[in-house]
Amino acid sequence: MNKIMIVLLSVFFASSCETKPSLQKYYVKNTEAADFVSLDIAPSIINTDSAKLTPDEKAALASFDKMNILAYKTDSTHTEKFDKEIKEVKALLKEESYQPLMKVGSGSDGAAIYFVGDEAHIDEFVVLASKKANGFAVVRVLGNDMNPTHVLNMMQLLRKTDLKLDQLKPLQDLMKK
């Protein structure tokens, strides 16, 4: 009986350890890489102390948990690595859990927005923005029961409030290099 339990537990643990690539694993793998900058941004970046928030803006802010940014900086002499990295990210975003929402631009210069969940209960928005001459950024907006209206309300909220830009300093430093 003990041998059967050990075999069953071994099969269970082996099958639960997923080895296929994912966007989360890509983030973890490249967080400390020299060509990348990684940032986690909390909702506190939006200074709402002095702003009068509408109920819709409050709901949008409440649905937002955090933002993860992974940026790859390149120049015109290192396009091979850019091509490899952007191809890997695009392949990860072709997984069925990522649903395309919008694309702007074409080829290596442009942006695409994807979401995870259904239209009424979105758990994650992913923005991939790239320009071959500069690099690319993958932005994951994580939340609970977000919807496209929340995203629009968050954009309006960003315009009317002061941002605490100290959280973006590592990204600003990367862009100067």
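Reply: Gladly! In β7, Phe 136 is the bridge partner of Ser 130. Please keep in mind that this is a predicted model, where local features need pLDDT of at least 70 and side-chain atom pairs count only at pLDDT 80 or more, while totals for chains, interfaces and linings use all residues. Residues are numbered from 1 along each chain as its sequence is written, and side-chain values use heavy atoms, with hydrogens and water left out.

Me: What makes β6 and β7 paired strands?

Reply: Two strands pair if DSSP finds at least two bridges between them. Nine bridges join β6 (residues 121–131) to β7 (residues 135–146), so the two strands count as paired. They run antiparallel. Strands here are DSSP runs of E with at least two residues, and helices are runs of H or I with at least four, numbered from the N terminus.

Me: Why are β1 and β4 said to stand at the edges of the sheet?

Reply: The open sheet of six strands has the order β1-β3-β7-β6-β5-β4, with antiparallel pairing. β1 (36–41) and β4 (99–106) each have a single partner strand, so one side of each is left without a neighbour in the sheet.

Me: How do you know that the length of α5 fits a helix?

Reply: The expected span is 1.5 Å times one less than the number of residues. For the 13 residues of α5 that should be 18 Å, and the end C-alpha atoms are 19 Å apart, which agrees.

Me: What makes one face of α5 the buried one?

Reply: Buried means under 20% relative accessible area, exposed over 50%, and partly exposed in between (1.4 Å probe, protein chains only). The buried residues of α5 are His 150, Asn 153, Met 154 and Leu 157. Seen down the helix axis, they fall within an arc of 105°, so they line one face; the arc is taken from the directions from the axis to the C-beta atoms. On the other side of α5, Leu 152 and Arg 159 are exposed.

Me: Why is Asn 30 called buried, and what does it contact?

Reply: Asn 30, found in helix α2, has 5% relative accessibility, so it counts as buried. Leaving aside neighbours within four places in sequence, Asn 30 is in contact with Phe 36, Leu 70 and Glu 85, where contact means heavy atoms within 4.5 Å. The side chain of Asn 30 also reaches the backbone oxygen of Tyr 26 at 3.1 Å.

Methods: A polar contact is a pair of N or O atoms within 3.5 Å; within protein, one must be able to donate a hydrogen and the other to accept it, and residues adjacent in sequence count only if both atoms are side-chain atoms.
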